[in-house]
Amino acid sequence: MTSPAASQDDDIRRAARLLLSARYVMALTGAGISVESGIPPFRGPGGLWTKYGEPPMNGYQLFLQDPKKAWEERLSPKGPSKILWQTLGEAQPNAGHLAFVELERMGVLRSLITQNVDNLHKRAGSKNLIEIHGNYTLIRCIACNVRYPGSEAPLHDLPPRCPKCDGVLKSDTVSFGEPIPPDALDKCYSETQLSDCFIVAGTSATVYPAASFPLAVKQKGGAMIEVNLYESEITPLCDISLRGPSAEIMPKLVTAIKEFRQ
Ligand SMILES: [Zn+2]
């Protein structure tokens, strides 16, 4: 009988071979990889919403009704928002983020869709990155979709206005009820069309539309590799499931790929 550790090593080698034989590898990451950098999740044990209650599901409508008030709340955050802003400011990319960067530099990973808004993939150095739920360090014009660094928001008059088109500026973070910005969504679709293999890490892939991309690749005969602490709804669909934190599994995967290439 093989030990669980030996069988996981086998699975990591199988995953490495699968990634090397694929034509266009993509990845989808979610909250699990952020939690490993100390950012609290929203749901589940220790989750901000579990502790403080769910935020209103019509956040975008509330923003549109009164953008000035939404900006005032953003500029002096309270309760869970305050905790989140503090933790986001202090968080550092972890070994999982860095492994994705290395996979991209090695030419194995072609693009990465993240559901996380924490800027950590970008800070780690990922290049072909789609932040499908936005990036908390950016603000976005809800009219023309141009993004600006948050520090450049003209705050003398709230809500701040787009220097290009005078549209209302909003946090780039996608609110409840807000459509996914069309540029991000279009890129997800066009990249996914090229893909034949997805790594799904730190997410149970149940939030749509993000979840639909690895599932679409799987449905057209591609492969899906899961990296997650727990079994999830997509586990039965995965070719290989690697149980553990991304910060531990992803670097092992990088090492295994390098060994095959030698
Ligand atoms: Zn604009």
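Tutor: What follows describes the core and then its setting in the chain.

This is a predicted model, where local features need pLDDT of at least 70, side-chain atom pairs count only at pLDDT 80 or more, and totals for chains, interfaces and linings use all residues. Residues are numbered from 1 along each chain as its sequence is written, and side-chain values use heavy atoms, with hydrogens and water left out.

The largest nonpolar core has 29 residues. Such a core is a set of buried Ala, Val, Leu, Ile, Met, Phe, Trp, Tyr and Cys residues joined through side-chain atoms within 4.5 Å. Buried means under 20% relative accessible area (1.4 Å probe, protein chains only). Leu19, Phe100, Leu103, Ile199, Leu242 and Met250 have the most contacts inside this core. Elements that each supply at least two of its residues include helix 1 (4–21), helix 7 (95–105), strand 7 (197–201) and helix 11 (246–261). Helices here are DSSP runs of H or I, at least four residues, and strands are runs of E, at least two, numbered from the N terminus. Helix 11 gives the largest share, six residues.

Take Leu103. Beyond its neighbours within four places in sequence, Leu103 is in contact (heavy atoms within 4.5 Å) with Val108, Leu109, Ile199, Met250, Val254 and Ile257. Apart from this core lies another, of 21 residues, including Leu28, Cys188, Ala211 and Cys238.

Now the setting. The chain has 11 helices and nine strands. Of its 262 residues, 47% count as buried. Among contacts with a separation of 6 or more, 67% join residues 24 or more positions apart.

How values were computed. Buried means under 20% relative accessible area, exposed over 50%, partly exposed in between (1.4 Å probe, protein chains only).
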